[in-house]
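Please read it with the model open alongside.

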Amino acid sequence: VPTPPRGRNGTPRVDWQRLWLGTQSRPWSSLAVVPGDEQTSAYELAGLLAALGVHHGEPMVFASARDTDLDGVAEFVEQTRWHREHGERVIFATRALSENLATLPLAQAADAALLCVTLGRTSLAPATDAVERIGRERFLGSVIVPAIDRSTFTPPRNLEPRRLWRA
């Protein structure tokens, strides 16, 4: 899990703290972070949210469901359930609905979802489609994330997701 961006006093920046508090608007033990289009990445945001959860004393699991296919949905959901039953909160990143069909059942199996959009890149149509298909009631809100060139982006070593395997 990465370290959240720090302010001058060494604590996580206020804007990130507000984001974490915003995700606490209702109870959840699993949170799907869903990009609004194929050019937006949810991976970095999911990792930073998990880091903020750890900072606030929450037992967190950060996972990537980006490459989970339809055949792997049941196993991913079962592993998520196992972690939840053992007192851990699970935050996982998905791909856009248009990029991976498994995003729909994965996000619907989560207690809550968060939509990622990129200012100037994400069109209203795919973002609205994601919210409507997954279920408007599942979404805590949306977050504007910076544009990342996925062809050249290499995540930092401390941003590796934990695989959802039973202990």
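This is a predicted model: local features need pLDDT of at least 70, side-chain atom pairs count only at pLDDT 80 or more; totals for chains, interfaces and linings use all residues.

Residues are numbered from 1 along each chain as its sequence is written, and side-chain values use heavy atoms, with hydrogens and water left out.

**Nonpolar cores**

A nonpolar core is taken here as a set of buried Ala, Val, Leu, Ile, Met, Phe, Trp, Tyr and Cys residues joined through side-chain atoms within 4.5 Å, where buried means under 20% relative accessible area, exposed over 50% and partly exposed in between, with a 1.4 Å probe and protein chains only. The largest such core has 24 residues, of which Trp28, Leu31, Val33, Leu45, Leu49 and Ile91 touch the most other members. Two or more residues each come to this core from helix H1 (14-22), strand E1 (30-35), H2, E2, E3, strand E4 (112-117) and strand E5 (139-144); helices and strands are DSSP runs numbered from the N terminus, helices being H or I of at least four residues and strands E of at least two. H2 gives the most to this core, with seven residues. Apart from this core lies another, of 23 residues, among them Val34, Val73, Phe92 and Leu106.

Leu49 is in contact (heavy atoms within 4.5 Å) with Leu19, Trp20, Thr23, Leu31, Val33, Ile91 and Leu114, when its neighbours within four places in sequence are left aside.

**Helix H3**

H3 has 13 residues and reaches 18 Å from its first C-alpha to its last, close to the 18 Å expected at 1.5 Å a residue, the expected span being 1.5 Å times one less than the number of residues. Its buried residues are Val73, Phe76, Gln79, Thr80, Trp82 and His83, and what covers them includes E1, E2, E3 and H4. After H3 comes Gly87, whose phi is positive, near 85°.

**Salt bridges**

Side chains of opposite charge can pair when their charged atoms come close. With a salt bridge defined as a side-chain nitrogen of Lys or Arg within 4 Å of a carboxyl oxygen of Asp or Glu, the structure holds seven.

| Pair | N to O distance |
|---|---|
| Arg89 and Glu58 | 3.6 Å |
| Glu78 and Arg81 | 2.3 Å |
| Glu132 and Arg136 | 2.1 Å |

Arg89 lies in strand E3 (residues 89-93) and Glu58 in the loop between H2 and strand E2 (60-64), so their pairing ties together parts that are 31 residues apart in sequence. Arg89 is buried, with a relative accessible area of 10%, while Glu58 is partly exposed at 28%.

Glu78 and Arg81 both belong to helix H3 (residues 73-85), where they stand three residues apart, about one turn of the helix. An α-helix has 3.6 residues a turn, so residues three or four places apart point the same way. Glu78 is partly exposed at 26% relative accessibility, as is Arg81 at 32%, and a network of salt bridges links Glu78, Arg81 and Glu85.

**Polar side chains**

Glu44, in helix H2 (residues 43-55), is buried yet has no salt bridge, and the nearest side chain of opposite charge, Arg66, is 5.7 Å away; for charge, Lys and Arg count as positive and Asp and Glu as negative, while His and the chain ends are not counted. The side chain of Glu44 does make a polar contact of 2.7 Å with the side chain of Ser41. A polar contact is a pair of N or O atoms within 3.5 Å; within protein, one must be able to donate a hydrogen and the other to accept it, and residues adjacent in sequence count only if both atoms are side-chain atoms.

Ser98 sits in the loop between E3 and helix H4 (103-109) and is exposed, with a relative accessible area of 54%. Its side chain is joined to that of Glu38 by a polar contact of 3.0 Å, and the C-alpha atoms of Ser98 and Glu38, 60 residues apart along the chain, are separated by 7.0 Å.

Ser30, found in strand E1, is buried at 0% relative accessibility. A polar atom of the Ser30 side chain lies 3.0 Å from the backbone nitrogen of Asp111.
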